[in-house]
Amino acid sequence: MVDDGRIAFSPAVELSYLTRDEQAELWDLIGQEDATPSLSQALRMKQLSRIAKLTPEVLYAILTEEKPNQKEQIRIKTESLRKYFPRNYSAQQMEREIIKLLEARYRAKNRGER
């Protein structure tokens, strides 16, 4: 898995501790789901394998979890927003204000549709 670039080295080391059958099942899932395990997922798989609790269903559940770096995000550069907020506002404060404005707009729009 490491040689063909499908999986990072550190997770691969942890996955090397899985049984041959578990590794074969995981390899099939990686191909089917077009996903590779993160290091934390590989560590959990290794732990579950050690206590004989790593079933194909568990492998699938772990492999198909949404990873933090896969969550959809919208990014706006702080410099683009700075002119609309007081100078002392942090990025978190700006985000809270934007959310409040969007919620108010959403509520107003929904009242108009009734």
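Gly31 sits in helix α2. Helices are DSSP runs (H or I, at least four residues), numbered from the N terminus. Gly31 is partly exposed, with a relative accessible area of 47%. Here buried means under 20% relative accessible area, exposed means over 50%, and partly exposed lies in between (1.4 Å probe, protein chains only). The C-alpha atoms of Gly31 and Arg6 are separated by 9.7 Å, and these residues are 25 apart along the chain.

This is a predicted model, in which local features need pLDDT of at least 70, side-chain atom pairs count only at pLDDT 80 or more, and totals for chains, interfaces and linings use all residues. Residues are numbered from 1 along each chain as its sequence is written, and side-chain values use heavy atoms, with hydrogens and water left out.

**Helix α2**

- Helix α2 covers residues 20-33, which makes 14 residues. At 1.5 Å a residue it should span 20 Å, and its end C-alpha atoms are 20 Å apart, which agrees. The expected span is 1.5 Å times one less than the number of residues.
- Glu22, Leu26, Leu29 and Ile30 are the buried residues of α2. They cover an arc of only 105° around the axis, so they lie on the same side of α2. The arc is that of the directions from the helix axis to the C-beta atoms.
- An α-helix has 3.6 residues a turn, so residues three or four places apart point the same way.
- Arg20, Asp21 and Gln32 are exposed on the other side of α2.
- The buried residues of α2 pack against α1 (9-15), α3 (39-50) and α4 (56-63).
- Just after α2, Asp34 takes a positive phi of about 50°.

**Glu22**

- Glu22 is in helix α2. Glu22 is buried yet has no salt bridge. A salt bridge is a side-chain nitrogen of Lys or Arg within 4 Å of a carboxyl oxygen of Asp or Glu.
- The nearest side chain of opposite charge to Glu22 is Arg50, 9.8 Å away. Lys and Arg count as positive, Asp and Glu as negative; His and the chain ends are not counted.
- Leaving aside neighbours within four places in sequence, Glu22 is in contact (heavy atoms within 4.5 Å) with Ser49, Leu54 and Leu59.

**Salt bridges**

- The whole structure holds three salt bridges.
- Glu14 and Lys46 form a salt bridge at 2.8 Å, N to O. Glu14 lies in α1 and Lys46 in α3, so the pair ties together parts 32 residues apart in sequence. Both Glu14 and Lys46 are buried.
- Glu97 and Lys100 form a salt bridge, with the closest N and O atoms 3.3 Å apart. They are three residues apart in helix α6 (residues 91-113), which means a separation of about one helical turn.

Methods. Helix = DSSP H or I, 4+ residues; strand = E, 2+ residues; numbered from the N terminus.
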